[in-house]
Amino acid sequence: MTDKILHANPSKNRTPRHRAREFALQGLYQWLLNNEDASTVVNNIRAAHGFDKADGDHFTVLLYGAIKDSVALRESFAPLVDRGIGELSPIEHAVLLIGAFELKNNLEIPYRVVINEAVELTKSFGGIDGHKYVNGVLDKLAARVRPDEVAADKKR
């Protein structure tokens, strides 16, 4: 037996930006289920234990941006999902909003990083195979939103 305690998502591997995505996911989950005002959600999440280790600016941009652009973001991935948006699990829905927002608005973040982060969030918080679903949807969305970057990556 070892002295190490194993965790699904060891804190030493979580960067401030990854933590920001985790908190944004929690905020979007709260927003989707409770339909609360964005500022209320932000205030609740900012008061959460461990928020000080997150990239607060990235969290704010992700959460407010995903909420503000939620209709357009849903429209961008709706043709890529095999069911209605209302049938998605709240975790998958929230992760797809985050991933779609980052693909469209954070061009400095490589599309593969955006997809990988979304997959990791879904593995940590979602259902058993939800990460595969999110991966497939965001991979197709990346090809539509960032065609030049995806094409250049495939040539390597």
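Which residues in H1 meet which residues in H5? Arg21, Ala24, Leu25, Leu28, Tyr29, Trp31, Leu32 and Leu33 of H1 meet Pro90, Ile91, His93, Ala94, Val95, Leu97, Ile98 and Glu102 of H5. Contact means heavy atoms within 4.5 Å.

This is a predicted model, in which local features need pLDDT of at least 70 and side-chain atom pairs count only at pLDDT 80 or more, while totals for chains, interfaces and linings use all residues. Residues are numbered from 1 along each chain as its sequence is written, and side-chain values use heavy atoms, with hydrogens and water left out.

**Helix H1 against helix H5**

- Helices (H or I, at least four residues) are DSSP runs, numbered from the N terminus.
- H1 covers residues 16–34 and H5 covers residues 90–105.
- The two pack at an angle of about 125°, with their axes 9 Å apart. Axes are lines fitted to C-alpha atoms, for helices over the stretch in contact, and angles run from 0 to 180 degrees between N-to-C directions.
- That angle makes H1 oblique to H5. Angles under 35 degrees count as roughly parallel, over 145 as roughly antiparallel, 65 to 115 as roughly perpendicular, and the rest as oblique.
- H1 and H5 cross in a right-handed sense. A crossing is right-handed if the near helix is turned clockwise from the far one by less than a right angle, and left-handed if anticlockwise.
- The residues of the contact of H1 with H5 divide into 13 nonpolar, one polar and two charged. Ala, Val, Leu, Ile, Met, Phe, Trp, Tyr, Cys and Pro count as nonpolar, Asp, Glu, Lys and Arg as charged, and the others, Gly among them, as polar.

**Helix H6 against helix H7**

- H6 spans residues 111–125, and H7 spans residues 130–145.
- Their axes come within 8 Å and cross at roughly 160°. H6 is therefore roughly antiparallel to H7.
- The crossing of H6 and H7 is right-handed.
- H6 brings Tyr111, Ile115, Ala118, Val119, Thr122 and Lys123 to the contact. H7 brings Gly130, His131, Val134, Asn135, Leu138, Asp139 and Ala142.
- By class, the contact of H6 with H7 holds seven nonpolar, four polar and two charged residues.

**His131 in H7**

- His131 lies in helix H7. His131 is buried, at a relative accessible area of 17%. Buried means under 20% relative accessible area, exposed over 50%, and partly exposed in between (1.4 Å probe, protein chains only).
- His131 touches Val119, Thr122 and Lys123, not counting residues up to four places away in sequence.
- Between His131 and Glu92 there are 8.2 Å in space, C-alpha to C-alpha, and the two are 39 residues apart in sequence.

**Helix H2 against helix H3**

- H2 runs over 38–46, and H3 over residues 56–68.
- H2 and H3 pack at an angle of about 150°, their axes 11 Å apart. The two are therefore roughly antiparallel to each other.
- H2 passes H3 in a right-handed crossing.
- From H2, the contact uses Ala38, Ser39, Val41, Val42, Ile45 and Arg46. From H3, Gly56, Phe59, Thr60, Leu63, Tyr64 and Ile67 take part.
- The contact of H2 with H3 has eight nonpolar, three polar and one charged residues.

**Salt bridges**

- A salt bridge is a side-chain nitrogen of Lys or Arg within 4 Å of a carboxyl oxygen of Asp or Glu. By this rule the count comes to 10 salt bridges.
- Glu117 pairs with Arg21, the closest N and O atoms being 3.4 Å apart. This pair links distant parts of the chain: Glu117 sits in helix H6 and Arg21 in helix H1, 96 residues apart.
- Both Glu117 and Arg21 are buried.
- Glu92 and Arg83 meet in a salt bridge at 3.8 Å, N to O. Glu92 is buried, with a relative accessible area of 10%. Arg83 is partly exposed, at 29%.
- Arg146 forms a salt bridge with Glu149, with the closest N and O atoms 3.0 Å apart. Arg146 is buried, with a relative accessible area of 4%. Glu149 is partly exposed, at 26%.
- Salt bridges that share partners join Arg21, Glu102 and Glu117 into one network.

**Backbone at Asn35**

- Asn35 is found in the loop between H1 and H2.
- Phi of Asn35 is near 55°, a positive value in a residue other than glycine. Most residues other than glycine have a negative phi.
- Asn35 is exposed, with a relative accessible area of 63%.
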